[in-house]
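User: I would like to go through the labels used for this model and hear what each one rests on. Please set the values against the cut-offs.

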Amino acid sequence: MQNILILHIKKFISLEPSDIDKLESCLEVSKIKKKEHILEEGQICNTMYFIVKGCMRQYIINSKGAEQTLQFGIENWWITDYLSYHNHVPSSFYLQAIENSEVIAIEKTILESLLIEIPNLERYFTIVMQKSFGAMQMRIKFLFTMSAEERYHHFNDHFPEFVQRVPQYMLASYLDFSAEFMSKIRAGKV
């Protein structure tokens, strides 16, 4: 399982065999059951999670008491609460497994030591965070510039793997409309 992360890292940077050995010695795979939370609002997030297998989501509970999904993650994606992680403050988010999942969890103190021992690894995480930030910017753009129906079709065309794996109500909350509206779109009644 650790090899999956090493292969992912090697897509972006080169690693010496000794670096790979150091990195692998610090990695542990955790199994997370469907619907299990690895982070809840109010907890401090000290871990970054690389998804080896499964599907995860980040969400909030809005002022009306409804879940609002902000991010999904599948195999070869990272997921965490970056603000809580970097600022050591209580999280505003929940991280939950949508499917039975396997993740490589890297604690902040371990990662910080690895970044000192393997400076090239910092480049990898910079790339990962830039890609994540860019994806969030595009999501905000789509929320502001597309109709609900356009958002659904765009998401369905570009990320069909999520449409197949994610419950309809979670996908609807991510796209910022109701599950009932989602049913109408899928039935062609909009």
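User: What makes Glu67 and Arg57 a salt bridge?

Analyst: This is a predicted model, and the values are computed from it. The closest N and O atoms of Glu67 and Arg57 are 2.5 Å apart. A salt bridge needs a side-chain nitrogen of Lys or Arg within 4 Å of a carboxyl oxygen of Asp or Glu, so the pair qualifies. The two residues sit in distant parts of the chain, with Glu67 in strand S5 and Arg57 in strand S4 (residues 56-61), ten residues apart.

User: Why is Arg57 called buried, and why is Glu67 called partly exposed?

Analyst: Arg57 has a relative accessible area of 1%. Buried means under 20%, so Arg57 is buried. Glu67 has 32%. Exposed means over 50%, and partly exposed lies in between, so Glu67 is partly exposed.

User: How many salt bridges does a search of the whole structure find?

Analyst: The search finds four. One of them joins the side chains of Lys31 and Glu102, at 3.8 Å from N to O. Lys31 lies in strand S1 (residues 29-32) and Glu102 in strand S8 (residues 101-107), so this pair ties together parts that are 71 residues apart in sequence.

User: What makes Arg165 and Glu75 a pair that links separate parts of the chain?

Analyst: Their side chains meet in a salt bridge at 2.9 Å, N to O. Arg165 lies in helix H7 and Glu75 in the loop between S5 and strand S6 (78-79), so the pair ties together parts that are 90 residues apart in sequence. Arg165, at 25% relative accessibility, counts as partly exposed. Glu75 is also partly exposed, with a relative accessible area of 26%. Glu75 and Arg165 are linked with Glu99 in a network of salt bridges.

User: Why does Lys108 have no salt bridge?

Analyst: The nearest side chain of opposite charge is that of Glu112, 4.1 Å away. The cut-off is within 4 Å, so Lys108 has no salt bridge, although Lys108 is buried. Lys108 lies in helix H4 (residues 108-117).

User: What does Lys108 touch, and which backbone oxygen lies 3.4 Å from a polar atom of its side chain?

Analyst: Leaving out residues up to four places away in sequence, Lys108 touches Asn46, Tyr85 and His86. The backbone oxygen is that of His86, at 3.4 Å. A polar contact is a pair of N or O atoms within 3.5 Å, so the distance to His86 falls inside the cut-off.

User: How do you know that the buried residues of helix H6 are on the same side?

Analyst: The buried residues of H6 (residues 148-158) are Ala148, Arg151, Tyr152, His154 and Phe155. They cover an arc of only 165° around the axis, which puts them on the same side of H6. An α-helix has 3.6 residues a turn, so residues three or four places apart point the same way. The cover over these residues includes strand S5 (67-73), helix H5 (120-145), helix H7 (160-165), helix H8 (168-174) and helix H9 (179-186).

User: Which backbone oxygen does the side chain of His158 reach?

Analyst: His158, in helix H6, reaches the backbone oxygen of His154 with its side chain, at 2.9 Å. The cut-off for a polar contact is within 3.5 Å, so this distance meets the cut-off.

User: What makes S1 and S6 edge strands?

Analyst: The open sheet of four strands has the order S1-S8-S3-S6, with antiparallel pairing. S1 and S6 each pair on one side only, and they are the edge strands.

User: How do you know that S3 pairs with S8 and with S6?

Analyst: Strand S3 (residues 47-53) and S8 pair in the antiparallel sense over six bridges. Two bridges join S3 to S6, also antiparallel. Pairing takes at least two bridges, so both count as pairs. On the S8 side, Lys53 stands opposite Glu102 and Thr47 opposite Glu107. In S6, Trp78 is the bridge partner of Phe50.

User: Why is S3 called mostly covered?

Analyst: Six of the seven residues of S3 are buried.

Terms used:
Residues numbered from 1 in each chain as written. Predicted model: local features only at pLDDT ≥ 70, side-chain atom pairs only at ≥ 80, totals over all residues. Heavy atoms only, no water. Buried < 20%, exposed > 50% of the residue type's maximum accessible area, 1.4 Å probe, protein only. Arc of directions from axis to C-beta. Contact = heavy atoms within 4.5 Å. Lys, Arg positive; Asp, Glu negative; His and termini not counted. Polar contact = N/O pair within 3.5 Å; in protein donor to acceptor, adjacent residues only side chain to side chain.
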